[in-house]
Amino acid sequence: MTSQLQTLAWQFRLTWRLAIEAHLPFLTDEMCLWEPAPGSWTVRQAADGSWRPDWVIPEPEPAPPTSIGWLTWHMIWWWSGMLAAMRDEEPAAHDKVAWPGSAAGAVQRLETLATEWSELLSKLDESDLEKPLAYPWTEPRPLGLALAWVNSELMKNMAEIGMMHHLFEASRP
């Protein structure tokens with residue numbers, strides 16, 4: 001019988017493999033910074049040279065379209081935050097996490113996060129799934145739900161990147 005932890009780890013490996021085969025290797029700087037519609041959220045270079053995401057609290061309804069650069073930044077932010085929370089460290093606020101400045105840098109950072117995530121998953125056992133963890137919520141929930149959230153967020157973000165990739169290619173002459 002497959003355990004819940006084995007299922008979550010398998011789901012992560014499957015989703016990540018699809019990401020590194022279908023989308024991430026094809027990203028370019030131009031594609032990452034392409035804005036699919038007026039008012040899109042993206043990443044912008046600040047005066048100090050760092051790359052910062054568009055962000056407004058509260059988030060508008062409906063949320064604006066996002067660039068691939070923004071989506072990769074978003075993944076870096078939430079994933080590094082989850083890793084920090086699981087290490088009993090304080091997750092960085094969204095305005096403290098910069099985009100790496102290029103498609104290659106974003107892919108490299110995501111690959112590093114995936115490796116760290118895989119290593120962390122390999123150290124867990126079934127009993128860990130019931131431990132309380134507040135991130136990304138304000139109230140603690142079982143770690144198993146947080147792991148399922150990571151898989152869901154990863155799948156959703158990679159689907160969004162895939163769609164933006166297709167739209168970018170279709171918009172070119």
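At what angle do the axes of H3 and H4 cross, and within what distance do they come? The axes come within 10 Å, and they cross at roughly 25°. Before I go on, this is a predicted model, in which local features need pLDDT of at least 70, side-chain atom pairs count only at pLDDT 80 or more, and totals for chains, interfaces and linings use all residues. Residues are numbered from 1 along each chain as its sequence is written, and side-chain values use heavy atoms, with hydrogens and water left out.

A word on terms. Helices (H or I, at least four residues) and strands (E, at least two) are DSSP runs, numbered from the N terminus. Axes are lines fitted to C-alpha atoms, for helices over the stretch in contact, and angles run from 0 to 180 degrees between N-to-C directions. Angles under 35 degrees count as roughly parallel, over 145 as roughly antiparallel, 65 to 115 as roughly perpendicular, and the rest as oblique.

Back to the pair on the screen. H3 and H4 are therefore roughly parallel to each other. Their crossing is left-handed, meaning that the near helix is turned anticlockwise from the far one by less than a right angle; clockwise would be right-handed. On the H3 side, the contact (heavy atoms within 4.5 Å) includes Thr 72, Met 75, Ile 76 and Trp 79. On the H4 side, Leu 110, Leu 113, Ala 114 and Trp 117 are among the residues that take part. By class, this contact has 12 nonpolar, two polar and two charged residues. For the classes, Ala, Val, Leu, Ile, Met, Phe, Trp, Tyr, Cys and Pro count as nonpolar, Asp, Glu, Lys and Arg as charged, and the others, Gly among them, as polar.

Next, H3 against H5. Helix H3 covers residues 68–86 and helix H5 residues 143–171; they pack at an angle of about 165°, with their axes 10 Å apart. That makes H3 roughly antiparallel to H5. The crossing of H3 and H5 is again left-handed, and their contact has 16 nonpolar, four polar and two charged residues.

From H1, the residues are Ala 9, Phe 12 and Trp 16, and they meet Leu 110, Glu 111, Ala 114, Trp 117, Ser 118 and Leu 121 in H4. Those residues divide into seven nonpolar, one polar and one charged.

Now the core. Which residues touch the most other members of the largest nonpolar core? They are Trp 16, Leu 27, Trp 79, Met 86, Trp 117 and Leu 147, out of 50 residues. A nonpolar core here is a set of buried Ala, Val, Leu, Ile, Met, Phe, Trp, Tyr and Cys residues joined through side-chain atoms within 4.5 Å. Buried means under 20% relative accessible area, exposed over 50%, and partly exposed in between, with a 1.4 Å probe and protein chains only. Helices H1 (4–22), H2 (29–33), H3, H4 (103–122) and H5 each supply at least two residues of this core. H3 gives the most, with 13 residues.

Leaving aside its neighbours within four places in sequence, Trp 79 is in contact with Phe 12, Trp 16, Leu 110, Leu 113, Ala 114, Trp 117, Val 150 and Leu 154.

Finally, the backbone. Most residues other than glycine have a negative phi, and most peptide bonds are trans. A cis peptide bond joins Ile 57 and Pro 58, with omega about 0°. Another cis bond joins Glu 61 and Pro 62, with omega about -5°. Pro 58 is in the loop between strand E2 (51–53) and H3, and Pro 62 is in the loop between E2 and H3 as well.

Asp 88, in the loop between H3 and H4, has a positive phi, near 60°. Is Asp 88 buried or exposed? At 75% relative accessibility, Asp 88 counts as exposed.

Pro 25 lies in the loop between H1 and H2 and, at 48% relative accessibility, counts as partly exposed. Not counting residues up to four places away in sequence, Pro 25 touches Ala 19 and Ile 20. The C-alpha atoms of Pro 25 and Ala 104 are separated by 8.7 Å, with the two residues 79 apart along the chain.
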